[in-house]
Each structure stands twice: as C-alpha cells, then as structure tokens.
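Please review the following briefing alongside the sequence and the coordinates. The points are grouped by topic.

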Amino acid sequence: MLDIKLIRQNPDYVKERLATRDKAYSIMIDELLAVDNERRNIISEVEKLKSEKNKLSKEIGKLFKEGKREEAEKYKEEVNIKNKKIEKLEKELKEVEARFKDILLRIPNIPHPSVPIGEDENDNVEIRKWGEPRKFDFEPLPHWEIGEKLGILDFERGAKLSGSRFTVMFREAARLERALINFMLDIHTKENGYTEVWTPVLVKPEILMGTGQLPKFEEDLYKVCEEDLYLIPTAEVSLTNLHAGEILKEEELPKYYTAYTPCFRREAGSHGKDVRGILRQHQFDKVELVKIVKPENSYEELEKLVRDAEKILQLLELPYRVVELCTGDLGFSASKTYDIEVWIPSQNRYREISSCSNTEDFQARRAKIRYKDKQTGKNILVHTLNGSGLAVGRTLLAIMENYQRKDGGFDIPKVLEKYM
RNA sequence: GGAGAGGUGGCCGAGCGGUCGAAGGCGGCUCCCUGCUAAGGAGUUGAGCGGUUUACCCCGCUCCGAGGGUUCGAAUCCCUCCCUCUCCGCCA
C-alpha cells in the first residue's frame with residue numbers, strides 16, 4: 001500500500017512512476033484522490049459534531065450531579081439531534097471509506113528509480129551469468145521423460161488423485177525432494193544467518209492482505225470456504241506477517257527468516273503454459289527467505305539476499321543467470337526484483353527458479369510492521385524483502401535434466417550425496 | 001465437541017456507567033547522585049486518523065479481543081462471534 005500522504009502531496013510523481021508499469025494507473029490515482037477528498041470532508045464534519053456532542057454529554061453529567069434535572073433533559077434533546085446527524089454521516093463515511101480502501105489496496109508499489117523501464121519480460125536485463133551450460137553428446141531429454149522412464153515421476157496418478165498440474169513422486173525423486181529441502185535449510189541457517197521457521201500454510205484473509213495477494217489476486221489462491229482460510233501461495237506470506245501489527249525494537253532488526261513450506265497456486269490464466277512436467281504445479285515445495293530490515297539499508301540487503309539464493313545453485317553446480325525485472329514485469333508489491341533463472345537443457349534456455357524482491361514499506365504499511373527509532377522515538381515502517389531460496393521442485397527438475405546420463409539415469413550433485 | 005475462567009498500553013496488572021487513554025509495577029528515555037560498575041532519587045514514556053505546520057508544537061476524533069445493542073454518556077451493562085487458559089471427551 002502506498003502512502004496516501006505521498007499521493008496527495010505529489011500525485012504527478014506517483015502517476016509518472018506507476019505509468020512505467022501500466023498507463024491505466026493514472027485514472028486510479030485520480031479516482032482515489034477524489035474519494036479521499038470526499039472522505040476527509042465527511043470526517044471533518046463528523047468530528048466536529050462529535051466534539052460538540054462530547055461537550056454536551058459532559059455538561060449533562062455535571063448538571064445531574066448538581067441536581068438540575070430539567071436543564072439536563074433539554075441538553076439530552078440536543079444531543080439526540082446531533083446523534084441522528086452523526087449516524088447519517090457515519091453511514092456515508094463507511095461507504096466512502098470502503099471505496100477508498102478498495103482503490104488504495106489495488107494500486108501496486110512504485111518501482112525503484114534503478115529499475116529498467118520496460119513492458120514485459122523481454123525488457124528484463126541480464127545482470128550476470130554463472131556456470132557454463134553443459135554440452136551433451138546426446139539429445140538431452142526433458143525431465144518428465146527421464147522421470148517417467150525411471151518410474152519416479154507419475155503424472156497420470158497425480159492427475160488421478162488431484163487433476164492436472166499435480167504429480168506423484170516415487171523413490172529417488174521423492175527422496176531428492178526431501179534432500180533438497182534439508183540441504184537448502186542447512187545452508188541458509190548455518191551459513192547465511194537465517195532463523196529457521198515452521199509456519200501454518202492456511203492463513204486468514206487479512207494476512208494475505210498484508211503481503212498484497214488480496215484483494216487483487218483472489219483468483220490465484222485456494223480457499224477453504226468452511227473456515228475462511230486460504231492456502232499460502234508462498235511462505236513469504238506467513239513469514240512476513242509474523243510481525244504484523246507489531247512495533248519492533250530497533251535492536252531486533254534486521255530479522256532473517258527461512259522456512260520450508262508447500263505452496264499452492266491455482267495458476268488461473270496460465271492454461272496451456274508449461275503443461276508438461278513439474279515446472280508449473282498447483283502444489284510445490286519452496287524454501288523461502290524473508291528479511292525484515294531498516295529502510296536505510298534495504299537495498300544492500302536485497303543484494304545479499306540474491307547472493308544467498310545464488311549460493312544454493314552454485315553449490316549444486318547448476319548454471320544460472322540473474323536478471324533484473326523491468327517495470328512492466330514487476331510484481332504487485334515489489335519495488336525492485338531480481339529473478340534467478342536456472343539453465344534447462346531440454347528447453348535450451350534459462351527458467352525462473354527464484355524471485356528476490358524488496359517491497360520497501362509497501363507490505364509493512366499494509367501489515368503495520370514498524371520499529372521504534374531509538375533516537376527520535378518515532379515508529380517507522382520497516383522494509384520487507386523476500387526471495388525463494390529456492391523453488392524445490394524446479395531445482396529437482398533442473399538436477400534431473402542437467403545431470404542426466406545417456407543411459408536415461410541422472411547423477412546427484414556432490415553436495416547432496418550426504419543428504420540422500 | 002462439553003463445562004468453567006479470562007481477553008486492558010512494549011510487557012505485567014488495577015479499573016464504582018460520567019472526573020479513564022486508563023492506577024500501580026516492569027521495561028524504555030532524560031536528568032540527578034556516584035571515581036567506575038551496581039544500587040538509589042526525580043521526571044518522562046501508547047497507537048491511528050483528521051486539522052494546522054517546512055518541521056516541531058498545538059487542537060479535535062477514534063481505539064481497553066471483533067462486531068452489534070442499551071444510554072445524553074460504555075473499558076465498565078446486554079447480545080453475537082473470535083481467541084487464550086483449566087478440566088472432560090475425541091484424535092494425528
């Protein structure tokens with residue numbers, strides 16, 4: 001959520017910056033400002049009436065003590081009239097406030113000035129590459145063929161149990177999945193300084209509001225209707241919201257969290273994309289990294305976060321590249337995002353395996369995560385960052401493809417041997 | 001699921017329907033005392049919104065789990081819901 005004060009004071013700046021994502025936001029800003037104006041007018045009026053009412057009520061109390069009954073009765077009449085006016089205005093206010101919030105909650109974050117301007121993923125900028133894609137002396141197979149031949153990836157039974165985009169894994173695949181989770185968590189906790197966390201994967205709507213998935217992206221989420229809970233699409237949701245509504249002590253920052261969780265995404269609107277294999281599933285495992293930091297060093301923290309995620313690929317010896325997303329490809333809550341893309345031999349290209357973002361105070365404002373500044377005593381919104389470290393299913397698929405052998409099998413990266 | 005108890009500020013905890021944004025304690029901050037540390041003394045210390053302002057200050061409104069209701073007036077009374085704790089039942 002953007003700061004309404006910023007929008008009020010500098011609407012043109014906000015419009016200009018948001019236009020780098022999509023021109024349509026300019027209209028939303030105008031709408032928002034109109035509603036905000038209306039809202040503030042009503043608030044002033046209501047508050048004036050309430051102030052008068054409070055004064056009269058106190059007066060009545062005093063008169064009762066003094067035994068001046070009749071006089072008090074006269075005042076009561078007056079307050080009743082005010083109450084009727086207040087009631088009417090508050091009804092209006094409630095409606096206007098709802099409209100106000102609805103618009104504000106659907107406006108995305110402002111891209112950081114360093115983010116390249118562009119329309120879509122074609123305008124993303126490659127930052128660096130690591131590793132050399134392997135030269136095969138045979139035609140590399142896609143992971144689903146390798147997996148099916150070995151009988152360790154079972155798409156038919158996945159579909160039988162749950163429908164399309166669900167997979168069953170047997171033996172080595174299942175064990176590799178588990179090994180990767182442990183490996184990633186070990187690196188992040190023992191070498192990168194993150195605190196391991198285990199969280200619920202069913203969360204309340206207001207939690208998803210906090211990180212920005214709701215209200216705009218409801219169709220991407222699985223909902224448990226009976227309980228008004230949602231399955232998380234990423235552990236970013238549960239980790240970031242750990243401190244929702246809290247005022248942290250300055251010395252508590254920064255906080256580094258990592259968690260393994262399954263993630264659930266309906267993938268609405270991606271019909272026909274990546275239908276084969278396990279690249280795009282409704283349920284997948286991910287080890288997530290979340291940082292809660294002070295505003296002044298959040299961009300340094302972002303660089304470090306990306307390196308922490310990259311380290312996993314380096315240890316697994318999987319070639320990858322890092323790209324900086326352009327304004328048009330940025331996610332809703334992000335101010336700046338680096339994607340890490342792993343080399344996929346069967347597609348002869350890099351595919352996303354991690355997305356690392358600084359949301360600045362966008363999520364913090366929604367989730368009300370602040371810290372008390374020691375010097376000034378002021379409560380300041382923190383900056384929140386998140387990144388995959390990494391998507392486990394995609395890592396598994398990358399290993400199967402990059403480490404495949406001519407005989408149809410595949411090797412296990414050295415660092416994973418002790419985990420298998 | 002059943003029975004009971006309870007949800008108050010960063011934390012603990014008190015609170016007759018008006019004088020309560022809320023006693024007291026802890027913690028935090030400032031100052032004093034002290035060779036240093038420890039201890040002690042004094043003061044100060046909630047959040048959000050709106051107005052005003054460069055900012056500070058100031059003024060107003062709201063907030064005592066959530067939402068309704070009674071009342072001129074609710075932390076205090078009534079209703080509904082949520083959560084926590086204790087006991088019982090069930091269960092991975």
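**Structural briefing**

At 18% relative accessibility, Asp274 counts as buried, where buried means under 20% relative accessible area, exposed over 50% and partly exposed in between (1.4 Å probe, protein chains only). This is a predicted model, in which local features need pLDDT of at least 70 and side-chain atom pairs count only at pLDDT 80 or more, while totals for chains, interfaces and linings use all residues. Residues are numbered from 1 along each chain as its sequence is written, chains are lettered from A and ligands numbered from 1 in the order in which they are written, and side-chain values use heavy atoms, with hydrogens and water left out.

**Overall dimensions**

- Chain A has 12 helices and 16 strands; helices (H or I, at least four residues) and strands (E, at least two) are DSSP runs, numbered from the N terminus.
- The C-alpha trace of chain A spans about 100 × 45 × 40 Å along its principal axes.
- Of the 420 residues in chain A, 50% count as buried.

**Helices**

- Helix H3 (residues 25-65) has 41 residues and should span 60 Å at 1.5 Å a residue; its end C-alpha atoms lie 59 Å apart, which agrees. The expected span is 1.5 Å times one less than the number of residues.
- Gly67, with a positive phi near 80°, follows H3.
- The axes of H3 and helix H4 (residues 69-104) come within 8 Å and cross at roughly 160°. Axes are lines fitted to C-alpha atoms, for helices over the stretch in contact, and angles run from 0 to 180 degrees between N-to-C directions.
- The crossing angle therefore makes H3 roughly antiparallel to H4 (under 35 degrees is roughly parallel, over 145 roughly antiparallel, 65 to 115 roughly perpendicular and the rest oblique).
- The residues of the contact of H3 with H4 divide into 21 nonpolar, one polar and 20 charged. Ala, Val, Leu, Ile, Met, Phe, Trp, Tyr, Cys and Pro count as nonpolar, Asp, Glu, Lys and Arg as charged, and the others, Gly among them, as polar.
- Helix H10 (residues 298-316) has 19 residues and reaches 28 Å from its first C-alpha to its last, close to the 27 Å expected.
- The buried residues of H10 include Leu302, Leu305, Ile312 and Leu313. Glu317, which follows H10, has a positive phi near 55°.

**Aromatic pairs**

- A search of the whole structure finds seven aromatic pairs. Rings of Phe, Tyr and Trp (its six-membered ring) pair if their centres lie within 6.5 Å; planes under 30 degrees apart count as stacked, over 60 as edge-to-face and the rest as tilted.
- Tyr194 and Tyr256 form a tilted pair, 5.2 Å centre to centre with 35° between the planes. Both Tyr194 and Tyr256 are buried.
- The ring centres of Phe217 and Phe332 are 5.3 Å apart and the planes lie at 75°, so this pair is edge-to-face.
- Phe217 counts as partly exposed at 25% relative accessibility, whereas Phe332 counts as buried at 10%.
- Ring pairs link Phe217, Phe332 and Phe362 into a cluster.

**Backbone features**

- The peptide bond from Leu214 to Pro215 is cis, with omega near 5°.
- A cis peptide bond also joins Gly389 and Leu390, with omega about 10°; Leu390 is found in strand E16 (residues 383-391).
- Asp274 is not a glycine, yet has a positive phi of about 45°.
- Asn348, also not a glycine, has a positive phi of about 55° and counts as exposed at 58% relative accessibility.
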